[in-house]
Amino acid sequence: MKLEKAKLVVQGLKEAGVDFTAGVPDSQFIEVYRMLAADPEVRYVGTANEAEAVGVGFGAWFGGKKPALILATSGLLVATYHLARVNILHEVPLLVVIPYRGDIGDPRWMGLYKKTTEPGLDAMDVPYRVVSRSEDIVRTIKECNESARAWLRCIAVILNEEALW
Amino acid sequence: MVTRLTLLKELASIIPEDLIVVSSIGNNSGFWGQLVQREANLFHATLGMCTPAAFGLAMALPQRKILSLDSDGNLILNMGVLGTIANENPTNLTILVMDNRNYLGSHKREPGMPTATGGKMKLEQVAKGCGIESACTVHEAAGLREKVNMALSKSGPHFICAQIEPLDLDRPGKDKRVPDPRENKYQFAKYIERTTGVEILGGGLGNFG
C-alpha cells in the first residue's frame, strides 16, 4: 500500500481518539502496523492471534482505553468467536479496521475473503462501512468509532483496494 | 489434592478489596461470585479470553493490581498470550490458573475430556518458556497464600499454577446472583470509573450529544 494511505489510517485512528491498538501484522497493511508500533499515542500490542487481540482490547476498554483492532481479512476469521461474544453478549465497543482483500482487483485466491468478510461481520451483528476512496478514510474511521462507543457495539471499517493501493 | 473451592476461599481471605479480578467462565466465575461480595470483579471471560482481558486491563491501568483467575482449558485456547505478556512485561499482572486437567464445565459430576495438562503439558514450565520468570506451581492453600502474597507485593508479571481436584464435588451454596455479562459490564465499568477517574461508558449520545 502507499505510505500516504497508511498515514491516513493512523490519522483517522488518532483523530477518533483511539489510544490502544492490537492485532497481528498483515503484510498488505504493514506500514500501518509499523506506524502504530512507533507511536506512543496509539499503544500497539502485537498478539499471537487475532482472538487474543479481541480479549486484550476488551480488557483495555474496561481500563478506560479507546481500543481498535487492526485485523487482516484472514485474521477476522480467527477472531470470530471472541468478537461475536464481545459484541453480542458483553456489548463492549471495539473498532475493527480491516484492509479488504479479495475484492475486485485482487488475485483469485484471495476471493475467499470476499465470501467471508462482509457475511462474517453480518453474522456477528457487527455493523460496518466499506471505504473505497482514500479521502473518506479519516472521516469514516472517526464516525465508526464514535458510533461504536455511543452504541456500545463493535463496528468495522473495511478499506478496499481503491482506497488503499 | 486440594479443591477449587478451598483455594478460592483462601484467595478471598487474603486479597485486598481493590485487587481487580478477571475470572474465567464456568466454576471459577460461578464459585467466586458466590464467595465474595466485591465490586472489582469482571466475570465470565470465555475460553481463551480471561488472561488476555486481564492483560488488557493491566496495560490500561498500570497503577492497579490485576489478577487473572483462569483455568487450564481456558488458558490453553489462547496460550500465545503468555509470550505476549512476557514481552510487554505488565508488572501489575498475576495469572492464577486453576488446573484441574480436564474440560469439566460448570456442573459435571464426572471428569470431562482431558486438557493437555492432563497429559504431558506443565503450565509452570510453559510460562517460564514463554519468558515469565516468576512462575510456580502450588498444591494446597498455604502454598497459594504464600505465592499470592508474594505476587501482590513484588513486581510481576507472575504466574501461579494451582493443581486442584479434577472434580468440583465441594461446591458453595447458590444463594447469590452472579451478575450476567451485561449487568457485570455496567457495574464493573462504573466501579473502575469511580476508583480511577477514567471514562469508560461515556454519555451514550454520540454525535447527537
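Two residues are in contact here if their C-beta atoms, placed from the backbone, lie within 7 Å. The model is predicted, so local features need pLDDT of at least 70 and side-chain atom pairs count only at pLDDT 80 or more, whereas totals for chains, interfaces and linings use all residues. Residues are numbered from 1 along each chain as its sequence is written, and chains are lettered from A and ligands numbered from 1 in the order in which they are written.

**Stop 1: B:Ala12.** Select B:Ala12, which is found in helix α1 (residues 4–14) of chain B; helices (H or I, at least four residues) and strands (E, at least two) are DSSP runs, numbered from the N terminus. Neighbours within four places in sequence aside, B:Ala12 is in contact with B:Leu35 and B:Val36. A residue is buried if 20 or more other C-beta atoms lie within 10 Å of its own, exposed if 12 or fewer, and partly exposed in between, with C-beta atoms placed from the backbone. B:Ala12 counts as partly exposed because it has 15 C-beta neighbours inside 10 Å.

**Stop 2: the sheet of chain B.** Colour the six strands that form an open sheet in chain B, in the order β2-β1-β3-β4-β6-β5 with parallel pairing; two strands pair if DSSP finds at least two bridges between them. At the edges stand β2 (41–45) and β5 (134–138) of chain B, each with a single partner strand, so one side of each is left without a neighbour in the sheet. Select β1 (residues 20–24) of chain B, which pairs with β2(B) in the parallel sense over three bridges. Within this pair, B:Val21 stands opposite B:Asn41 in β2(B). Then show helix α6 (residues 123–130) of chain B, which packs on the sheet and touches β4 (93–99), β5 and β6 (158–163) of chain B. The direction of α6 makes about 180° with that of β5(B), where axes are lines fitted to C-alpha atoms, for helices over the stretch in contact, and angles run from 0 to 180 degrees between N-to-C directions.

**Stop 3: B:Leu57.** Select B:Leu57 and leave aside its neighbours within four places in sequence: its contacts are A:Gly59, A:Phe62, A:Gly63, B:Ile20, B:Val22 and B:Ile66.

**Stop 4: the whole of chain B.** Zoom out to eight helices and six strands. Of the 209 residues of chain B, 46% count as buried. The C-alpha atoms fill a box of roughly 55 × 40 × 30 Å, taken along the principal axes.
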